[in-house]
Amino acid sequence: MRYAIFDKIGLRRGKPRGTGCGKGRRRCCAGATGECRCGLDAMEPGERCTIRRLCGCGPVRQRLLDLGFQPGREVRMVRNAPLLDPIELQLDDSFIVLRRREAAQIQVRHD
Amino acid sequence: MTEPRTPSLVALAGQQNAGKSTLFNLLTGLQQHIANYPGVTVDKKYGGYTARGRRFDVVDLPGAYSLSPFSLEERVARSFLLTEAPDVVVNVLDATNLRRALPLTFQLLEMGAPVVVALNMMDAADRRGLEIDLDALERRLCVPVVPVVGRRGVGEAELRSAIAETAAAGRVVPATLNYGPLEKEVARIQATLSAEPALYGISARWLAVKLLEGDSEAEALLADRMENPHGLLDELYRARSAFETQHGLSAGDHICACRDSHAAEIAAACVTDTRAGEVPVSERIDRVLLNRFLAPVFLVATIWAIYQLSIVQGYQLTEVTWPILATFRSFVGGLLPDPGFLTDPQLRAMGLWTVDSMNTLLSYVPIFLILFALIAILEDSGYMARIAFILDRILHRFGLHGQSTLPFILAGVFAGGCAVPGVMATKGIPDARARLATILTVPFMNCMAKIPLYALIINIWFPQAKGLMLFYLSTFTVIAALLVAKLLTTSLLRKEETAPFVMELPSYHLPTISGVMHRAFSRTWLYIRKVATVVLAVATVIYALLQFPGVPAERQLDYQSQAEAAIARFYAEMATNPLRTEVQEPARLVRLVTLQTDFAAEIKSAETQAARAALADALRRDHPDAALFLLPDATPDARAANAALQTLSETRAELRRELRRDRLESSFLGYVGRGLEPVTRFADFDWKINVALLTSFAARENSVATFGVLYDQDDGQNLSLEERMGATQLAEGRSAVSSVALLLFFALYPPCLATVIAVRMQTGSLNWMLFSIAFPTLLGLATASAVFTLASALGLTGLQAMAAVHALALGVLILVALPKPWLARLGAQPTVEAAE
């Protein structure tokens with residue numbers, strides 16, 4: 001009930017659109033590791049995953065690549081910002097924050 | 001500088017947060033300058049030093065993660081490296097994150113640049129338990145690697161000698177990185193390029209790789225240098241698409257991945273993490289500071305502390321520094337020609353006006369020093385990045401950026417700041433659209449100079465609701481700024497380039513005293529230098545606009561004759577007084593009257609009996625002749641002389657005041673103020689308010705001073721400006737509603753001159769500067785007119801009108817801020833599906 005209301009006014013974590021995982025994003029990655037197309041924004045704090053590929057093009061993509069979001073690397077979701085939007089990620093020793101919108105461009109596979 | 005040999009050019013290249021600027025400061029000391037790279041608003045910091053009898057010019061390149069053509073900073077860095085071909089490139093690496101830093105090093109090596117690697121932040125790496133095998137790193141990279149700790153100056157001498165040796169060694173052979181399956185193509189293109197004479201001086205290997213990456217700038221370079229690049233470009237296109245179909249991966253991605261895996265390999269070989277698996281200290285701190293519920297608490301506490309320390313405490317410090325400025329004013333006053341009886345010599349009036357304008361600005365220096373030092377601490381410690389992280393969502397809703405927080409804080413989110421450093425601080429915002437929106441909305445904040453007018457009007461009309469009105473005003477300005485930002489980013493700025501919010505959270509550092517002081521002083525100095533000079537020039541112009549064309553000749557004569565009559569009366573009263581001989585010459589009389597006025601003012605401001613006695617003693621010592629008149633002893637003659645002198649100087653003060661008001665009314669600015677009345681009538685601004693608002697464009701403090709002249713007291717009344725203005729305005733049929741209109745206009749008032757100059761500097765565009773003046777003026781006028789007209793029609797009281805405006809603005813804000821899922825459902829398609 002609560003989630004339904006939050007969803008309706010758009011306050012629920014993760015945008016209602018464009019996470020790439022359909023509705024039940026928690027379930028989507030459970031079994032079929034190969035087929036999953038989760039965006040990095042669908043991760044919960046504390047979860048780990050491996051980068052599959054980067055969508056999009058142009059400066060954003062390049063910046064993400066430069067920061068080390070290379071396919072095959074492992075990422076850990078550290079935390080959400082207090083208002084849930086930018087998220088903090090850990091790549092080896094560095095901590096990087098990005099908005100969910102950009103995180104959605106990074107497709108990952110759960111480990 | 002007198003060496004026969006040409007100086008060596010040293011460029012500092014590195015990623016953001018690698019400590020490039022610290023190393024730059026270390027190398028060049030105080031010999032540094034800031035300029036812009038041609039055509040762009042990217043700072044070019046350059047300086048120099050002399051070592052081993054040789055001059056080294058050092059340039060700090062903008063921070064770049066790689067040398068791609070996507071970001072402005074990277075383009076600037078790259079074109080500098082290509083066109084200037086520095087003798088040495090010092091590649092500053094963050095020792096704690098070698099893997100991410102090395103790809104840039106590879107690109108520099110491929111370019112054939114003579115690289116010296118400065119491995120910075122070795123202390124942080126030590127603390128984190130990273131053991132770096134420097135010899136192995138040197139062997140793998142084939143360039144000198146110097147470990148340094150920029151913030152403590154460790155390794156400075158070694159770095160200097162490595163630079164000198166590399167500069168002496170001359171050109172180097174570009175390094176080659178193996179690109180695996182793409183290697184054949186790279187070698188082929190490289191061979192074609194090196195056979196091309198038009199490309200002499202550019203590393204063929206580097207260019208081949210860049211072209212295969214599909215780098216637009218490299219293609220442009222090719223088109224620029226070669227007469228017919230089409231064949232080559234076509235070949236490149238075929239090579240790229242062949243690779244993509246064969247490997248299911250674009251050539252650019254492959255090259256990028258090659259660099260990354262090579263970097264990973266070197267990092268793994270040279271770095272041993274003795275504490276692998278442990279949670280870093282910064283992360284442990286963040287678990288508290290960035291906790292979902294505690295983060296806002298810490299944020300508010302930090303902002304409150306900044307406000308308390310800089311604005312409240314700094315304001316008390318200005319009471320200590322103000323006497324210094326006042327002494328400077330009297331010193332200048334002493335140098336300038338003496339004042340006349342009725343009018344002062346032009347030189348004196350202008351000189352003092354200039355000093356006053358400058359003093360108003362300089363009086364804020366203590367506040368700025370504290371504010372900038374605190375902000376430097378926030379930046380150096382790493383908390384500023386966290387503030388951006390916490391607030392980004394709110395600001396992003398309005399088209400701004402997490403990093404807009406700092407400019408808003410500087411400009412005075414909560415009454416008291418200055419828009420000039422605020423606008424300057426927008427430099428760090430990577431998103432061009434959000435940056436422009438920030439620059440244009442920062443001046444809405446309540447800078448320190450807006451407060452006096454707020455206080456004046458509120459004291460006149462809302463003595464019972466001072467706190468409430470100030471609260472309304474300060475929140476209203478923030479709301480207005482956010483709404484305007486949203487409006488601009490969705491309309492005028494829609495076409496501007498935008499960048500994502502992708503930022504590394506730096507580890508927490510303990511800021512060093514020297515680092516903080518350096519930044520605080522250099523920012524304050526920037527303010528003093530750039531602002532004070534311009535404000536001085538414009539203060540002079542405003543002075544002229546206020547002085548000329550001047551009072552008509554016949555009225556001037558009228559004042560003159562009144563003054564002469566007053567002097568004659570004085571002499572008549574003194575006819576039988578033996579002290580008359582003391583003031584026989586008119587020049588002496590004028591000096592005496594001036595002295596009397598100054599002395600009376602000093603006595604009035606002295607608080608204790610002792611202070612007054614000290615003043616009297618000083619007068620007896622310095623001006624024994626005048627003391628006879630000013631400090632009458634018991635004799636009736638002296639008392640009569642004193643009384644006569646007092647009458648004279650009162651008449652003089654009154655005449656001067658009348659003349660000043662007359663001059664203001666008949667000045668250019670006065671004409672303009674009257675000319676604007678038909679427009680400003682709807683907001684209930686008369687010409688006096690118009691003139692005050694016009695003069696406040698130079699510096700906002702002027703508004704109150706101008707009101708002081710315009711609402712002058714008549715004969716011998718001793719009322720405060722508030723009482724005078726209140727009485728006059730009431731007599732003119734004004735109400736609290738019209739004062740609300742004035743307050744709202746002043747809240748939205750265009751930026752002052754100094755800010756406008758800063759806007760010009762930061763946007764690099766005259767058009768934006770003009771826009772930053774025109775838009776708030778129109779907005780303010782429209783708001784003020786609407787509020788006055790509607791509130792008068794509805795018969796609201798001032799407080800009701802203000803509350804209504806505030807509620808309305810808040811409502812709109814919430815409406816804009818709330819997510820609108822129905823819009824998303826209407827418009828955008830899911831992004832990932834689209835990308836597939």
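Visitor: Which residues of chain B does the UniProt annotation "binding site" cover?
Guide: The UniProt record, an unreviewed entry, puts "binding site" on Asn25(B), Thr28(B) and Gly29(B). UniProt positions are given in the numbering used here, feature names are shortened, and annotations may be inferred rather than shown by experiment. This is a predicted model, in which local features need pLDDT of at least 70 and side-chain atom pairs count only at pLDDT 80 or more, while totals for chains, interfaces and linings use all residues. Residues are numbered from 1 along each chain as its sequence is written, and chains are lettered from A and ligands numbered from 1 in the order in which they are written.

Visitor: Is Asn25(B) buried or exposed?
Guide: Asn25(B) is buried, because 22 other C-beta atoms lie within 10 Å. The rule is that a residue is buried if 20 or more other C-beta atoms lie within 10 Å of its own, exposed if 12 or fewer, and partly exposed in between, with C-beta atoms placed from the backbone. Asn25(B) sits in helix 1 (residues 20-28) of chain B. Helices (H or I, at least four residues) and strands (E, at least two) are DSSP runs, numbered from the N terminus.

Visitor: And Gly29(B), buried or exposed?
Guide: Gly29(B) counts as exposed, because it has 10 C-beta neighbours inside 10 Å. Gly29(B) belongs to the loop between helix 1 and strand 2 (32-36) of chain B.

Visitor: How many helices and strands are there in chain B?
Guide: Chain B has 38 helices and 10 strands. Its C-alpha atoms fill a box of roughly 115 × 70 × 60 Å along the principal axes. Of its 836 residues, 41% count as buried.

Visitor: How is chain B divided into domains?
Guide: Chain B is split into domain 1 (8-169), domain 2 (180-281), domain 3 (294-513), domain 4 (527-548 + 665-822) and domain 5 (553-658). The bounds come from an automatic or database domain assignment. Between the centres of domain 1 and domain 5 of chain B, taken over C-alpha atoms, there are 70 Å.

Visitor: What does UniProt list for residues 638-665 of chain B?
Guide: The unreviewed entry gives "coiled-coil region" for residues 638-665 of chain B. In the model this span is 100% helix and 0% strand, with its end C-alpha atoms 40 Å apart.

Visitor: Back to the inside. Which residues touch the most other members of the largest nonpolar core?
Guide: They are Leu12(B), Val116(B), Ala118(B), Leu212(B), Ala741(B) and Leu744(B), in a core of 224 residues. Another core, of 14 residues, lies apart from it and includes Val593(B) and Leu595(B). A nonpolar core is a set of buried Ala, Val, Leu, Ile, Met, Phe, Trp, Tyr and Cys residues joined through C-beta atoms within 7 Å.

Visitor: What about Arg205(B), is it buried or exposed?
Guide: Arg205(B) is buried, because 23 other C-beta atoms lie within 10 Å. Arg205(B) is part of helix 8 (residues 204-213) of chain B. Leaving aside neighbours within four places in sequence, Arg205(B) is in contact (C-beta atoms, placed from the backbone, within 7 Å) with Glu110(B), Pro174(B), Thr176(B) and Gln190(B).

Visitor: Now chain A. How many helices and strands?
Guide: Chain A has 4 helices and 6 strands, in the pattern α-α-β-β-α-β-β-β-α-β along the sequence. For residues 38-110 of chain A, UniProt lists "domain: Ferrous iron transporter FeoA-like" in an unreviewed entry. That span is 18% helix and 42% strand.

Visitor: In what order do the strands of the open sheet come?
Guide: The order of the 7 strands is 1(A)-6(A)-2(A)-3(A)-4(A)-5(A)-10(B), with antiparallel pairing. Two strands pair if DSSP finds at least two bridges between them.

Visitor: Which strands stand at the edges?
Guide: Strand 1 (38-39) of chain A and strand 10 (502-505) of chain B do; each has a single partner strand, so one side of each is left without a neighbour in the sheet.

Visitor: How many bridges join strand 2 of chain A to strand 6 of chain A?
Guide: There are 5 bridges, and the two strands run antiparallel. Ile51(A) stands opposite Val108(A) in strand 6 of chain A, and Arg53(A) has Gln107(A) as its bridge partner there.

Methods:
Contact = placed C-beta atoms within 7 Å.
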